[in-house]
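Subject: Structure handover and findings

Dear colleague,

Please find the structure below, followed by an account of what was found in it.

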Amino acid sequence: MQQQAPEQIKESKVIGVPTSRIDGPVKTTGTAMYSSDHHFPGLVHAWPATATVASGTITNIDTSIAEKMPGVLAVYHHENIGQLYRTPPAAGFSMIIDEKRPPLEDTTIRYYGQYVAVAVASTVEQARAAAEAIKITYAKTDHDTSNKLLGTPLSEPKPKEVTKRGDTAAALASAVVKHDAVYSTPTETHNPIELHASVAVYKDGKFTLYETSQAVVNHRDVMAAMLGVPPEDVQVITRFLGSGFGGKLWPWPHALLAASCARNLNRPVKLVVSRSMMFQSVGHRPAIDQRIQLATDAAGKLTAIQQDYVNHTSMLDDYDEGCGEATGFIYSSPNVLVTGGLARRNVGTPTSMRGPGAVPGLYALESAMDELALKLKMDPVQLHLINEPEKDESTGQPFSSRHLKECITTGAEKFGWNKRTPGIGSMQRDGLTLGWGMAACTWIAARTDSEATVELHQDGTARVICGTQDIGGGTYTAIAQIVAHETGLPLNKIDVVLGDSSLPPGPISGGSWATASVTPAVLEAAQKAGKSLLGAAADAANGPFKGKKAEDLEFIDGNVRIKGQSAGAVPLSEVLRIANVKAVSGTGKSEGTFGNPNLKYSFHSYGAHFAEVTWQPEIARLRVSRVVTVIDAGRMLNPRAARNQIEGAVVMGVGMALLEATEYDPRSGAPINSNLADYVVAVNADTPDIDVTFLDYPDYNLNPLGARGVGEIGLAGIPAAITNAVHHATGIRVRNLPIRIEDLLQSPGEAKRTA
Ligand code: MOS
């Protein structure tokens, strides 16, 4: 299964070299322009008014006081915002939006915090004061924000079958060993440090929108459709993102409010979504219940896997978390059934959050595997190893590059797993009880369509443009490395321009596929620019390559030379000066793999987490003290940025296991812990020692550099590794995240659901 590395990549001076962010200096000096940093003459501020009921109808909006307040320019609501449209049905992977209803479309309230009006004023304080002075009356109806999902009415009469092979019911009925349990995960809210924001400029019928977007091209297309203008009249710019975690993949209603206000007033408008509003109307990971049933033979070989999940969605939109993402192929089992259902609640529309589907799905499945191992009296490492498949049993495809077993054995070795004693609370250190747990993980590896252009300039620099964006994970740097690899120019001579929908369309910053997607397009563009350079060198009548044809020349290490002759090499800048050409360029274009049913291989990344917790029963204090993670995600173009992604994901996993939950007040339907004091995320003090290893097997079937992606996989599996460790330390099995002190104060056994 191991693929051979082409010589040129083995020798690269930049690919695989730990590289500092090329955008680090502008970020650390505060000169990087984030969306809300943009300011324009005449700019005014918008502040939305939000529904204070979770279900009902607006019966009256009284704006008389708000309109007379200082600095107020306008107050808009459903009667005067102007026409906004819904998007047409998407063709392929385009025109994507999760909350499809345009803001202020009607008077129906479907969730607490839904936008009901927007005030525009000279200052943000004036706009906020005016928004709060709008008097809105509602006819309330009953709402439901309950997180009890399995067994409640679904949006469709029956759950849909997501994955199916064999006869799971029969295999479960005749199983030698069986496990059957329900795992629940709460609503989680994305909390990137950068707030969502839109700065909308409307001039001469055209929109320039400075957005917090993980997908500028899709954002442009959706905004154009909803504003009712041609796409060429909309330009979306996102130069930098203070992260997004999936919350900024698709447009949200505030962007349409800002653009509408700018058009109505013919002035630049800034709208920054408050932290509190970010818990309402820019998506979240939905609450999910999952029933997992596993069956094995006496030796522990899986004979059946059944996963039945239900996630909540909003009243209007069908957001499917897709919890079975990994279930069909991660283990060998002749019988597999995954069903999925949606339960409508009075909440904002959910959206993708780092590792959608796989992260909650693998929390449940990997918890269940640990429980199964206990029933089998088998080491969980062993249970994983003996259920390794030969091929992707959900599709019959061979795996392109799968090294899960090596992830597990390497991780076990680095962690010291062989010192583990299986008895509950049997391990101690410095007066603390230790718990050790492990879990496997996987995440899709894919490419989407991408284009890019590379220019080589007479001043000796290269410029690469691509309509993707950098969420913060290092896309600027990865693209510069690819160009440096191909041209031999140093990184500081390469200008990377991203984050503008008018550039050649590039991938979304999502799915962990941006790097893999841009790689072939950028390589091709750089190669074509190099060819054009050789043409210019050959054409130059009085140049050093007079009489040579372009085919006799090569572009290596930033120089043009006669093929194979290092003597007489001429630098790029000199070649173009002699030719009197300002710049040469090349464009690259690659087709994606995502959604293609005819691929030759099954493309996924894999990993294993080993977690240690310390437990002090006297004071019910639980800490995650140590994590060893081994990741098989293709070749790491930039191991420094990649390690940082995995470390960040592990920290987020500590938050998912122990801290994060959005709580809806059952009385009002409001997400009540809508701030960073009450919605607790893992911070430095919660961060364990993290040891990350990359196996670094290039996946050349996916792209010529063998890169896959690392944005999401690190979060998959880590919550289960932690809850499994907690069980090892305490004997308490928590099947409802996050683990709370109340859970750990219960007697050993299955923790009763406390929330
Ligand atoms: Mo990721 S949830 O695809 O931004």
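In what follows, buried means under 20% relative accessible area, exposed means over 50%, and partly exposed lies in between, with a 1.4 Å probe and protein chains only. At 36% relative accessibility, P505 therefore counts as partly exposed.

This is a predicted model, in which local features need pLDDT of at least 70 and side-chain atom pairs count only at pLDDT 80 or more, while totals for chains, interfaces and linings use all residues. Residues are numbered from 1 along each chain as its sequence is written, and side-chain values use heavy atoms, with hydrogens and water left out.

Loop residues

Helices (H or I, at least four residues) and strands (E, at least two) are DSSP runs, numbered from the N terminus. P505 lies in the loop that runs between β20 (494–497) and α12. Contact here means heavy atoms within 4.5 Å. Apart from neighbours within four places in sequence, P505 is in contact with V217, S450, E451 and G467. Between the C-alpha atoms of P505 and V44, which are 461 residues apart along the chain, the separation is 31 Å.

E188 belongs to the loop between β8 (177–185) and β9 (197–203). With a relative accessible area of 2%, E188 is buried. Residues up to four places away in sequence not being counted, E188 touches H284, R285, M353, M656, E660, T662 and Y679. E188 and V680 are 492 residues apart in sequence, yet 11 Å apart in space, C-alpha to C-alpha.

R285, one of the residues that E188 touches, is itself found in the loop between β12 (269–272) and β13 (288–296). R285 is buried, its relative accessible area being 0%.

Two packed helices are described by the angle between their axes and the distance between the axes. Axes are lines fitted to C-alpha atoms, for helices over the stretch in contact, and angles run from 0 to 180 degrees between N-to-C directions. The axes of helix α11 (residues 475–487) and helix α12 (residues 514–539) come within 9 Å and cross at roughly 35°. On the α11 side the contact is made by A478, I479, I482, V483, H485, E486 and T487, and on the α12 side by T515, V518, T519, V522, L523, A526 and Q527. For residue classes, Ala, Val, Leu, Ile, Met, Phe, Trp, Tyr, Cys and Pro count as nonpolar, Asp, Glu, Lys and Arg as charged, and the others, Gly among them, as polar. The contact of α11 with α12 comprises eight nonpolar, five polar and one charged residue.

On a 1 Å grid over the protein atoms alone, a cavity is a set of points where a 1.4 Å probe fits but cannot get out, and a pocket is an open set with protein on both sides within 12 Å along at least five of seven lines; lining residues have an atom within 4 Å of a point. Grid points are joined across faces, edges and corners, and a volume is the space filled by probe spheres set on the points.

The second largest pocket holds about 590 Å³ of space. Its lining has 22 residues, of which H485, E486, F555, I556 and D557 lie nearest the centre. At least two lining residues come from each of α11, α12 and β21 (553–556), and α12 gives the most, with five. The lining is made up of nine nonpolar, seven polar and six charged residues.

Cavities

There are four cavities of 30 Å³ or more in the structure. The largest cavity contains about 90 Å³ of space, and its lining residues include E99, R101, Y111, M315 and D317. Four nonpolar, three polar and four charged residues form that lining. The second largest cavity has a volume of about 50 Å³, with H196, E211, K248 and W250 among its lining residues.

Backbone geometry

Most residues other than glycine have a negative phi, and most peptide bonds are trans. M95, in the loop between β3 (72–76) and β4 (108–109), is not a glycine but has a positive phi of about 55°. L737 and P738 are joined by a cis peptide bond, with omega about -10°.

Yours sincerely
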